[in-house]
Amino acid sequence: MNIAVVDVAAESGGAASVLEYFYEQHRRDKKNHYVYLLSTYHLDETENITVVNVPWVKKGWGSRLYFDFFGVNRYLKQYGINEVLSLQNTVLPGFKGKQTVYEHNALPFSEYKFSLFEDRRMWIYQNVIGKFILYAIRRADHVIVQTEWMKRAVTERIPGSENKTEVCFPYVMIPEIYKYQSMGKKLFFYPANSSRFKNHRLIIDACRILKNDGYQDYSVIFTLYGNETKEISELHRMSREEELNIEWAGPLPSENVYKLYERSVLVFPSYIETIGLPLYEASVIGSPILAADCQYARDLLKDYDKVFFFDYRDKDKLTEYMELLMKADK
């Protein structure tokens with residue numbers, strides 16, 4: 001059987017991790033041939049996997065819509081595709097065969113609702129693109145989600161979808177050599193992109209309180225450069241002007257992230273996630289975790305005993321936990 005795996009959206013982060021997960025699964029499947037339709041992300045071809053890169057899809061939304069509705073048909077016909085696995089939350093409108101959609105966007109199901117004036121981009125994702133995602137779930141023959149809470153959310157919004165919805169946790173293989181070990185100066189680590197809901201501002205606010213309380217022997221590491229968005233640029237400027245203990249390290253390779261988990265506390269104030277992959281990674285390595293008290297985090301960390309939950313709006317509680325961990329390490 002010829003199966004198309006469509007993921008022109010994947011570039012980095014969690015989306016890339018999902019793509020790599022399925023790629024490793026499919027490499028071992030010698031009964032089927034897979035055609036990976038990607039934009040710029042690089043994967044090696046194998047005996048049973050053909051990789052097609054379509055970089056022009058990234059030119060804008062118009063290019064993306066043209067590809068989904070029309071451009072993709074060329075490749076489906078060229079490779080005699082019998083079945084489609086979409087890893088980008090949506091189905092292909094023109095394909096008549098079996099379609100499986102991997103739903104890993106929590107925005108349409110989030111308890112938090114963006115206003116148009118608060119963040120136009122997030123509002124569009126939640127209210128416009130969200131409708132396409134809900135349509136895709138209704139249209140798909142099979143739906144894959146990452147967690148039990150996402151399955152509950154999907155079936156609540158789309159009655160009757162329970163029987164075709166499967167939970168598939170994207171396990172990441174973390175080498176056993178990485179184990180948490182507390183080391184001297186307290187280090188807090190937040191590996192996240194620049195999306196507003198990642199909530200970097202709350203950590204900035206907590207660091208401001210820590211400075212006023214006289215704490216200096218600690219550091220917070222962000223995996224951002226500090227110029228990704230207007231809001232992030234503002235936070236970067238504030239942290240520099242106020243001399244807060246924040247390092248803007250930029251994106252890091254997995255090996256460096258794992259090494260930081262070994263000697264840091266994971267701080268994760270994001271209030272919209274499907275799974276929050278750093279929570280899983282840090283828990284495997286044994287790091288202490290400060291996590292936003294949201295369904296995704298409660299679901300993932302229900303059996304983990306080194307986590308403190310806080311309201312994602314409560315800078316005082318986050319500060320209290322940071323102080324507690326700094327004192328505990330002395």
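The model is a predicted one, in which local features need pLDDT of at least 70 and side-chain atom pairs count only at pLDDT 80 or more, while totals for chains, interfaces and linings use all residues. Residues are numbered from 1 along each chain as its sequence is written, and side-chain values use heavy atoms, with hydrogens and water left out.

**Helix H5 and helix H6**

- Helix H6 covers residues 230-241, and its axis lies 11 Å from that of H5, at an angle of about 10°; axes are lines fitted to C-alpha atoms, for helices over the stretch in contact, and angles run from 0 to 180 degrees between N-to-C directions.
- Helices (H or I, at least four residues) and strands (E, at least two) are DSSP runs, numbered from the N terminus.
- The two helices H5 and H6 cross in a left-handed sense, that is, with the near helix turned anticlockwise from the far one by less than a right angle, whereas clockwise would be right-handed.
- On the H5 side the contact (heavy atoms within 4.5 Å) involves His200, Arg201, Ile204 and Arg208, and on the H6 side Glu231, Ile232, Glu234, Leu235, Met238 and Ser239.
- This contact of H5 with H6 comprises 4 nonpolar, 2 polar and 4 charged residues; Ala, Val, Leu, Ile, Met, Phe, Trp, Tyr, Cys and Pro count as nonpolar, Asp, Glu, Lys and Arg as charged, and the others, Gly among them, as polar.

**Helix H5 and helix H10**

- The axes of H5 (residues 200-212) and H10 (residues 315-328) come within 9 Å and cross at roughly 60°, and the pair is therefore oblique.
- The crossing of H5 and H10 is right-handed.
- From H5, Leu202, Ile203, Asp205, Ala206, Ile209 and Leu210 take part, meeting Lys315, Asp316, Leu318, Thr319, Met322, Glu323 and Met326 of H10.
- By class, 8 nonpolar, 1 polar and 4 charged residues form the contact of H5 with H10.

**Nonpolar cores**

- A nonpolar core is a set of buried Ala, Val, Leu, Ile, Met, Phe, Trp, Tyr and Cys residues joined through side-chain atoms within 4.5 Å, where buried means under 20% relative accessible area, exposed over 50% and partly exposed in between (1.4 Å probe, protein chains only).
- The largest nonpolar core has 82 residues, of which Phe188, Val220, Leu279, Ile289, Leu290 and Leu318 touch the most other members.
- Another core, of 21 residues, lies apart from the largest one and includes Val5, Tyr41, Ile144 and Cys168.

**Buried residues in loops**

- Asn89, in the loop between strand E4 (83-86) and strand E5 (98-103), has a phi near 75°, a positive value in a residue other than glycine.
- Asn89 is buried, with a relative accessible area of 9%.
- Asn199 lies in the loop between strand E8 (186-190) and H5, and its phi is positive, about 70°, although Asn199 is not a glycine.
- Asn199 counts as buried at 12% relative accessibility.
- Val57, in the loop between strand E3 (49-53) and helix H2 (61-78), is buried at 4% relative accessibility.
- Leaving aside residues up to four places away in sequence, Val57 touches Val8, Ser63, Arg64 and Phe67.

Conventions: Angles under 35 degrees count as roughly parallel, over 145 as roughly antiparallel, 65 to 115 as roughly perpendicular and the rest as oblique.
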